[in-house]
Amino acid sequence: MHRESTVRTRLTPLYRLLLAHTSFSSFLRAANFLTIAGQWWSVLAEREPAREGFFPRHAPATMSEYFSLSDCDVIGFDLDHTLCRYHLKETSRLIYESFARYLVEHKGYDKDLLNLTPATWDFCFKGLVVDLEDGNLVKLAEDGTVLRATHGTNDLSIEEIIKHYGPKREWKHFNSLNTSFTRSAKYYFYDNYFDLPGALLCGRVVDMLHKRGNEVNSDFWKDMVAAIDHNYNTSAFKEDAGTYFPSVKRDPGRYLQPCSDSVKTWLQSMKKAGKVLLLITSSHSDYCRLICEHILGKDYEELFDIIITNALKPGFFSLVPQQRPFRTLMEDVEEREGLPLLDKPGWYSQGNWPHLHDLLKTMTGKPEPK
């Protein structure tokens, strides 16, 4: 039995995820699907060949809860932390150092920010929100209730949380976060590994401001944003600016885990089976090339029909009709003029789901490709 025909898992069907972007919950599923599915698929591809019965061959009564790769016309992958798995310990330290070094060297912050102990990293976990108005970092329940909170890196007691957020412990900006999923001048949601170490740095900066006797307000966040931009802006890779990109370029094996031969063979087998393979990443093209060459080899472009960089998910799927046009690249520089539509596979930058969907219809010959 072909391996992909056996792969069934409890996720909503691919085409529903990609098309259902009219509400917050549905477009989050669409934007996050590439990461979730890619993590499953990478693990499955590393296993022994699938056995009959390893996954149910026949659909149960709740078929709507399952999908089968053999039924899919198009299979998309995210890159960072999906196809490309990072050495998280080394990468997290590098990201933290990249931001902290900028604050110390360019903004005059205390050098003590550069010193970390192993126990310090327990502070970091996904889903933290930094409240920029008072320097608190909060962990929220799905209804917006504050489960835990710190001021800087110092835990707040239940009594202190109630003092800040009232007897119901309601975070006042939750409706804004839950309906728009956007950044705000009043808070920042740490939802991915590329900026998560910044939560620890924010906490330590608040501690530092208290130690200095300075007022804690949102002004420190301007410096944090400057540190992020200094390390991650579109020209940083080419110009060797900041700390992050130069470090990864010098020693990619320290931070990136190569894909196994079984993963590469699996990708090749899907393409030979007639599937359209997509690689969609918010990373820029130059960084994408470095990653892909290291984890997949120099012939990685042959594995994918379409590669899209600087996609800025989840906006790629959700910002309709204010979507960004696709742009072609010349030596990793985006062309000034956007494309009115996509008419052929290839490598593109920016873009949007409606135009990609139209191209997939043409490539598959189906009005609603899965």
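Tyr86, Phe99, Phe194, Tyr232, Phe237, Tyr244, Phe245 and Tyr287 make up one aromatic cluster. Rings of Phe, Tyr and Trp (its six-membered ring) are taken as a pair if their centres lie within 6.5 Å; planes under 30 degrees apart count as stacked, over 60 as edge-to-face and the rest as tilted. This is a predicted model, in which local features need pLDDT of at least 70 and side-chain atom pairs count only at pLDDT 80 or more, while totals for chains, interfaces and linings use all residues. Residues are numbered from 1 along each chain as its sequence is written, and side-chain values use heavy atoms, with hydrogens and water left out.

**The chain as a whole**

- The chain has 15 helices and 16 strands; helices (H or I, at least four residues) and strands (E, at least two) are DSSP runs, numbered from the N terminus.
- Of its 370 residues, 49% are buried, where buried means under 20% relative accessible area, exposed over 50% and partly exposed in between (1.4 Å probe, protein chains only).
- Taking contacts (heavy atoms within 4.5 Å) between residues at least 6 apart in sequence, 70% join residues at least 24 apart.

**Aromatic pairs and charges over rings**

- In total, the structure holds 21 aromatic pairs.
- One of them joins phenylalanine 317 and tryptophan 353 in a tilted arrangement, with 6.3 Å centre to centre and 45 degrees between the planes.
- Phenylalanine 317 belongs to helix H14 (residues 315–318) and tryptophan 353 to helix H15 (residues 353–364), so this pair ties together parts that are 36 residues apart in sequence.
- Both phenylalanine 317 and tryptophan 353 are buried.
- Arginine 289 places its charged end over the ring of tryptophan 347, 4.1 Å from the ring centre; for this, NZ of Lys or CZ of Arg must be within 6 Å of the ring centre and within 35 degrees of the ring normal.
- The charged end of arginine 212 likewise sits over a ring, that of tyrosine 109, 6.0 Å from its centre.

**A look at helix H12**

- Val263, Trp266, Leu267 and Met270 are the buried residues to look for in H12.
- Seen down the axis of H12, the buried residues fall within an arc of 100 degrees, so they line one face of the helix; the arc is that of the directions from the helix axis to the C-beta atoms.
- Asp261 and Lys272, on the other side of H12, are exposed.
- After H12 comes glycine 274, with a positive phi near 95 degrees.
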